[in-house]
Amino acid sequence: MPIQVYNTLTRQKQPLTPVQAGQVGMYLCGPTVYDDCHIGHLMGPVLYDAVARWLRARGLAVRFVNNITDIDDKIIARAQASGESWQDITAHYTAQYFDLLRRLHVVTITDHPRCTGHVPQMVDYIADLVRSGRAYVAEDGVYYEVSQQPGYGKLSGRRLDEMVADAEKEGKLAHGLRSRADFALWKRVKPGEPSWPSPWGDGRPGWHIECSVMSLHTLGATFDIHAGGEELKFPHHENEIAQGEAHGGGYAQVWMHNNLVQFEGAKVSKSDPRMRDPAFRRQFQALAVVEGHGAAVVRFLLLNGHYRRPVDFAPSNIGAIRTALGRLHRAVGDLLDAPGDAALDEILARQLPAEGARHRERFVAAMDDDFNTGAAIAELFGLAALAAKGGTAERLLLRDLGRLIGLFQPGDGKDTVAPTAAADDGTLGKVMALVLELRQKARADRDFATSDLIRDRLKEAGIAVKDAKDGATWERA
RNA sequence: GGCGCCGUGGCGGAGAGGCUACGCAGCGGAUUGCAAAUCCGUGUACUCCAGUUCGAAUCUGGACGGCGCCUCCA
């Protein structure tokens with residue numbers, strides 16, 4: 001049974017049939033590095049990392065390209081406003097992005113091309129489009145002539161004549177544009193802006209051209225999967241297709257679009273009035289989110305549902321998610337911190353009691369069916385119950401299946417089940433070991449007043465003590 | 001207004017023409033000195049109205065509601 005993927009272009013699921021057998025080329029539009037990453041920036045990397053992990057588990061060689069947009073009007077505006085150089089700004093936010101990827105265990109990306117590294121290739125590409133009559137030079141730059149493109153609008157379901165008619169009601173065309181639907185490939189430089197040389201004067205590339213060019217140079221003209229957030233369908237992806245096809249490739253065979261991260265039922269945009277409140281704003285900053293809730297919880301939240309549905313990032317949601325993940329972590333137990341990944345083939349070959357095997361089967365079927373991580377994770381809970389009852393094989397299976405989509409990484413437990421005395425060999429760990437030993441003595445003497453006093457006071461201090469058969473454990477509340 | 005996505009139990013969230021999703025919370029029980037954790041049990045869920053069908057939450061049409069996008073400049 002081949003992997004099924006929902007293709008935005010055809011609006012249906014279809015079997016994934018790579019252009020070159022055994023290999024998958026995948027491109028994900030990356031961030032424009034001009035400001036702090038927010039929670040929404042994490043969705044794509046985490047989701048498509050799980051996708052790439054699964055494709056690899058299924059035996060495909062995946063080349064996964066995720067660009068960095070380091071030339072852009074917003075970057076220039078930011079530089080002009082703050083007085084920093086645009087290079088410092090992009091370097092800073094690129095580093096932040098990479099740091100987040102590392103923390104979230106996004107490990108499958110093979111290439112991070114930057115726009116600044118591909119300007120000559122973009123110039124060549126634009127020159128090709130001008131030469132073939134698909135682009136023209138206007139007063140302030142070079143534009144792609146959309147009316148020359150058969151099938152324009154096929155991805156987003158828009159009709160060119162309607163769009164142009166609507167736009168033209170708004171006013172006459174500026175800068176020598178032939179149509180309001182045309183978009184910039186090259187923007188001629190204005191004073192004080194960074195620029196690169198071109199046959200049409202110094203300037204910088206337009207937004208859409210970068211992805212077409214960088215995908216061409218990493219994956220080839222025709223590649224397998226182009227991924228991105230739903231909000232990029234139009235105009236960005238539509239224009240990428242136009243450029244790619246005009247340049248002479250089939251462009252992406254499959255378009256995957258993930259839905260957006262929402263807050264209490266709605267997307268929070270930068271213009272939202274609440275964003276003026278720094279505390280409100282802070283809770284969407286990716287770094288603050290990852291530090292506040294833990295990378296494992298964030299990753300779990302983003303994968304818990306289906307990627308074509310919105311994810312609601314509300315505090316009450318996160319709490320429930322954290323509890324749920326904690327349950328899985330506890331079931332995985334000490335296997336959580338053990339390194340190593342098992343290959344899917346090896347996992348599938350294991351002998352297992354019927355119930356565990358059924359969960360394994362369903363997990364695999366869910367992932368094969370358009371990467372349904374939510375349904376796959378549901379099976380992990382079934383395995384967790386079996387593991388908690390003493391199923392050793394199920395416990396290992398639980399961990400190994402989870403790891404196939406990037407869950408259960410060493411150290412993840414600290415985000416849900418806080419460190420125990422055994423796991424913390426620092427000063428606090430030693431002190432706690434002593435305290436628990438004394439408390440255990442009191443309990444052995446049936447001096448419950450003392451043992452409860454210790455537990456209550458520790459709780460006030462932010463430490464929860466839990467008695468188990470084989471001794472007490474503690475964690476930070 | 002145009003295009004697209006979606007409306008599932010208290011909440012989150014899969015699935016899907018007849019078969020327990022799952023999780024969180026709640027309730028009952030086991031275990032525990034008491035808690036925690038764990039285990040067992042526990043929910044007349046599918047926005048509304050028509051239609052197709054032996055049978056629809058699942059398909060079709062309509063209504064209502066939510067969300068996203070609607071190009072340089074933003």
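A residue counts as buried when its relative accessible area is under 20%. In this predicted model, T373 has 2% relative accessibility, so it falls in the buried class. T373 is part of helix α14, which covers residues 373-388. Leaving aside residues up to four places away in sequence, T373 touches L303, G305 and M367.

Now for a pair of helices. Helix α13 (residues 354-368) and helix α15 (residues 392-404) have axes that come within 10 Å and cross at roughly 10°. Angles under 35 degrees count as roughly parallel, and α13 and α15 are therefore roughly parallel to each other. On the α13 side the contact is made by G356, R360 and F363, and on the α15 side by E394, L397 and L401. Sorted by type, the residues of this contact are 3 nonpolar, 1 polar and 2 charged.

Next, the sheet. Here 4 strands make an open sheet, ordered β4-β3-β9-β10, with parallel pairing. Its edges are β4 (61-66) and β10 (251-258), each pairing on one side only. On average, neighbouring strands of the sheet are turned by 25° against each other, direction ignored. Inside the sheet, β3 (residues 23-28) and β9 (residues 222-229) pair in the parallel sense over 3 bridges. Y27 has H226 in β9 as its bridge partner.

| Helix | Strands | Angle |
|---|---|---|
| α6 (residues 207-219) | lies across β3, β4, β9 and β10 | about 155° to β3 |
| α7 (residues 233-247) | packs on the sheet, touching β9 and β10 | about 170° with the direction of β10 |

Notes. Residues numbered from 1 in each chain as written. Chains lettered and ligands numbered in written order. Predicted model: local features only at pLDDT ≥ 70, side-chain atom pairs only at ≥ 80, totals over all residues. Heavy atoms only, no water. Axes fitted to C-alpha atoms, helices over the stretch in contact; angles between N-to-C directions. Helix = DSSP H or I, 4+ residues; strand = E, 2+ residues; numbered from the N terminus. Parallel < 35°, antiparallel > 145°, perpendicular 65-115°, else oblique. Contact = heavy atoms within 4.5 Å. Nonpolar A, V, L, I, M, F, W, Y, C, P; charged D, E, K, R; others polar. Buried < 20%, exposed > 50% of the residue type's maximum accessible area, 1.4 Å probe, protein only. Pairing = 2+ DSSP bridges.
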